[in-house]
Amino acid sequence: MNTEDIRSLLSAEASAILNIPVSDAYTQAIDLIVEQVNKKKGKLVTSGMGKAGQIAQNIATTFSSTGTPSVFLHPSEAQHGDLGILQENDIVLAISNSGKTREIIELISLAKNLIPGIKFIVITSNPDSLLAQKADVCILTGRPEEVCNLGLTPTTSTTVMTVIGDILVVGTMKRINFSPADYAKRHHGGYLGDKSREMSK
């Protein structure tokens, strides 16, 4: 791969990020997260299959480290008992690029059967999908084309999902006035722990 190829890939991924649709869905999602988790003391439960699931795991750990308790629930394991992690006041963030992932659609039905009225935030590329229709709040990715030369491997789509997760995290941090001192309480070791303690003096 030559430097021109690399620049082309970087440009494509950057363009996909800049073309993420901006809507009130972000504010609505942050409102729900703050209400259910930070005020009512539930937790944010993220879920996704495959590469989307890995992004969901990352979003969960980032939320937890910044003052909003969050866990990842594997949608297949949910069908074998792990659904029991859900409690009153929890909220679910489900990620599926196609909006057609069977396990995620089934997770919504199972969760609502266990806790009627539980809220769902969905990140997807497909506004017409069943998953989008079932969501309380739907955040769209803009349906970016994958930079993979086959057009199949989750590459650009997972980049966009990660950025959307970052927007939700940062927006929530601002809403709850999360401070360096708060950060330091959750990071006892390493560079970030040292830096946050220094900032909070």
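Is asparagine 177 buried or exposed? Asparagine 177 is exposed, with a relative accessible area of 62%. The close-up views below come from a predicted model.

**View 1. Five strands build an open sheet.** The strand order is S2-S1-S3-S4-S5, and the pairing is parallel. Strand S2 (70-72) and strand S5 (137-140) stand at the edges. Each has a single partner strand, so one side of each is left without a neighbour in the sheet. Neighbouring strands of this sheet are turned by 20° against each other on average, with direction ignored. Strands of a sheet pair through backbone hydrogen bonds, either parallel or antiparallel.

**View 2. Strand S3 pairs with S1 and with S4.** S1 and S3 run parallel and are joined by five bridges. Here leucine 44 stands opposite isoleucine 91 of S3. Five bridges also link S3 to S4, again in the parallel sense. Alanine 94 has valine 122 in S4 as its bridge partner.

**View 3. Strand S3 is covered on both faces.** Ile91, Leu93 and Ile95 lie on one side, and Val92 and Ala94 lie on the other. All of these residues are buried. Buried here means under 20% relative accessible area. Five of the five residues of S3 are buried, so S3 is largely enclosed by the rest of the structure.

View 4. Isoleucine 121 stands opposite valine 137 in S5. Helix H7 (residues 156-175) packs on the sheet and touches S3, S4 and S5. The direction of H7 makes about 130° with that of S5.

**View 5. Helices H3 and H7 cross at roughly 20°.** Their axes come within 10 Å. Angles under 35 degrees count as roughly parallel, and H3 and H7 are therefore roughly parallel to each other. H3 passes H7 in a right-handed crossing. H3 brings Lys51, Ala52, Ile55, Asn58, Ile59, Thr62 and Phe63 to the contact. H7 brings Thr158, Met161, Thr162, Gly165, Leu168, Val169 and Thr172. What classes of residue make up this contact of H3 with H7? Seven are nonpolar, six are polar and one is charged.

**View 6. Helix H1 packs against H7 at an angle of about 45°.** H1 spans residues 3-18, and the axes of H1 and H7 are 9 Å apart. The angle makes H1 oblique to H7. The crossing of H1 past H7 is right-handed. Ala12, Glu13, Ala16 and Ile17 make the contact from H1. Thr156, Thr159, Val160 and Val163 make the contact from H7. By class, the contact of H1 with H7 has five nonpolar, two polar and one charged residues.

**View 7. Helix H2 packs against H7 at an angle of about 55°.** H2 spans residues 25-39, and the axes of H2 and H7 are 10 Å apart. H2 and H7 are therefore oblique to each other. H2 passes H7 in a right-handed crossing. The H2 residues in contact are Tyr26, Ala29, Ile30, Asp31, Ile33, Val34 and Asn38. Those of H7 are Ile164, Ile167, Leu168, Gly171, Thr172 and Arg175. The contact of H2 with H7 has eight nonpolar, three polar and two charged residues.

**View 8. Asparagine 89 has a positive phi.** The value is about 75°, although asparagine 89 is not a glycine. Where does asparagine 89 lie? Asparagine 89 sits in the loop between helix H4 (75-78) and S3. Asparagine 89 is partly exposed, with a relative accessible area of 29%.

**View 9. Asparagine 177 also has a positive phi, in a residue other than glycine.** Phi of asparagine 177 is near 55°. Asparagine 177 lies in the loop between H7 and helix H8 (180-186). The relative accessible area of asparagine 177 is 62%, and the residue is exposed.

Conventions
Residues are numbered from 1 along each chain as its sequence is written. This is a predicted model: local features need pLDDT of at least 70, side-chain atom pairs count only at pLDDT 80 or more; totals for chains, interfaces and linings use all residues. Side-chain values use heavy atoms; hydrogens and water are left out. Two strands pair if DSSP finds at least two bridges between them. Helices (H or I, at least four residues) and strands (E, at least two) are DSSP runs, numbered from the N terminus. Axes are lines fitted to C-alpha atoms, for helices over the stretch in contact, and angles run from 0 to 180 degrees between N-to-C directions. Contact means heavy atoms within 4.5 Å. Buried means under 20% relative accessible area, exposed over 50%, partly exposed in between (1.4 Å probe, protein chains only). Angles under 35 degrees count as roughly parallel, over 145 as roughly antiparallel, 65 to 115 as roughly perpendicular and the rest as oblique. A crossing is left-handed if the near helix is turned anticlockwise from the far one by less than a right angle, and right-handed if clockwise. Ala, Val, Leu, Ile, Met, Phe, Trp, Tyr, Cys and Pro count as nonpolar, Asp, Glu, Lys and Arg as charged, and the others, Gly among them, as polar.
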